[in-house]
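Hello,

Here is the structure I promised to send over. Have a look at it first, and then read my notes below.

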Amino acid sequence: MYVDGTVLVPVLKKALGQPAGIARAGLQIVLSALLGAGESARVLVADPNARRVLCFRPQHQSEVALVGELRAIAQSLRRTRLEHTWTWVRGRLRAPWRSGWALPAELARSGERGVFLYAGLNIRPGYRAAMKRARELYGTKLVLYLHDLLPLTQPTEYTSADRAREFHTFVSDFVGACDLVITSSRHTAAQIPEAVAPLVSAVPPVAVVPMAHEYRPWEAASARPAALAALGDQDFVLCVGTLSARKNQVGLVRAWQRYRAATRRARPAHLVLAGAPGAGSNEVLALLDATDHCGGTVHVLPQTTDAELNWLYQNCLFTAYVSFAEGFGLPIGESLWLGKVCLASSTTSMPEVGGDLAVYIDPHCVDQIAEGLRRLLEEPETLHTLTGRISRDALRTWRDFQNDLALAIRLHFSR
């Protein structure tokens, strides 16, 4: 199996620097695909300046060693502007007639071996054309892990116009050429026929391989964020995720205001928002400024280390994730993996992640969010019952994902 490594540089940079998020999950997907393929695994990387696709053969079969290899590959692709220019000029001098990107010779030798392309939106047009040509020339199978369809299916205020256009172009240009699309949720899988059909000549077969609940920090240490030094031992609720319109921290903060106005709790609980500002974050930040951070009970942590996020998960009462729409809902799984109940949205894919271990609310209803906060903050038996259920449940690991991913691809192409 060939695994797309085009996004190695940005994915590694983000995944190694961010304790949570799709970048970290993206790296886990790449590692799972490589480990699941065993000795037949290869990494394909786009080299746009030289207009070619490079092929690397991993030498190790452990996650830690593979991360080291991927880091070395990423470092080898980083060149100065002068080096980029010279590589491009040399490539054009050697083959001035070539309009498409050069393909690695191994693709011609491998016959029916599949190509697994992980991060579709990051595949450059030249790279996409090269892989479609490999499919036509050598019978190479194209498999795409499509995390979500949000730029096509959600309101425009949740994504930029440029990203929506880019995603539309990608789907129109590439998805129809794929032999199999794998997605992370049944919700997204159900949307694919209707959302994709108008853009392609034929919708490819679809399989579902959910991501894992398992959270793997790069460091096991635990450290209280310095910004929360004054919090002491007071109870707090944790919300992990980029501050954005889609993640709905505005609704969460408004619900927090309503809960605080009605509670008779002797010691006030606090709310911690751990996430960098994103598209639409101005509204929640303005709301916090206007309310003096809800009387000093809401704290924003725009950057957290692994050790700090570990501490937040370990010490929070529970987590809240009231996003309007998700392709999966990674923070819900992380919360459950670390033994914490999640107050989660009942929309899109999120109930698939939380199962019967979360408390669900309508993210569009501030009163429902406030009532969910009240239940978990003031009904300790509810929180205790759910926490006990989490400890007895068999949550999904990245090894499960690895096995299911390999099985889905094998079953499809053995028919």
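Arginine 374 counts as partly exposed because its relative accessibility is 27%; buried means under 20% relative accessible area, exposed over 50%, and partly exposed in between, using a 1.4 Å probe and protein chains only. Arginine 375 falls in that partly exposed class too, at 31% relative accessibility.

Before going on, please keep in mind that this is a predicted model, where local features need pLDDT of at least 70 and side-chain atom pairs count only at pLDDT 80 or more, while totals for chains, interfaces and linings use all residues. Residues are numbered from 1 along each chain as its sequence is written, and side-chain values use heavy atoms, with hydrogens and water left out.

Back to the two arginines. What does arginine 374 meet in a salt bridge? Its partner is glutamate 379, at 2.8 Å from N to O; a salt bridge here is a side-chain nitrogen of Lys or Arg within 4 Å of a carboxyl oxygen of Asp or Glu. Arginine 375 also forms a salt bridge with glutamate 379, with the closest N and O atoms 3.9 Å apart. Glu371, Arg374, Arg375 and Glu379 are linked in a network of such bridges.

The whole structure has 19 salt bridges. One of them joins aspartate 162 to arginine 165, whose closest N and O atoms are 2.2 Å apart. These two residues sit 3 apart in helix 8 (residues 161–174), so about one helical turn separates them. Helices (H or I, at least four residues) and strands (E, at least two) are DSSP runs, numbered from the N terminus. Both aspartate 162 and arginine 165 are exposed.

Next, a pair of helices. Helix 10 and helix 11 (residues 281–290) pack at about 25 degrees with their axes 8 Å apart; axes are lines fitted to C-alpha atoms over the stretch in contact, and angles run from 0 to 180 degrees between N-to-C directions. The two helices are therefore roughly parallel, a label for angles under 35 degrees.

Most residues other than glycine have a negative phi. Asparagine 248, however, has a positive phi of about 65 degrees. Asparagine 248 lies in the loop between strand 8 (236–240) and helix 10 (249–262), and counts as buried because its relative accessibility is 5%. Threonine 348 has a positive phi of about 45 degrees, in the loop between strand 12 (342–345) and helix 15 (350–354).

Best wishes

Methods: Parallel < 35°, antiparallel > 145°, perpendicular 65-115°, else oblique.
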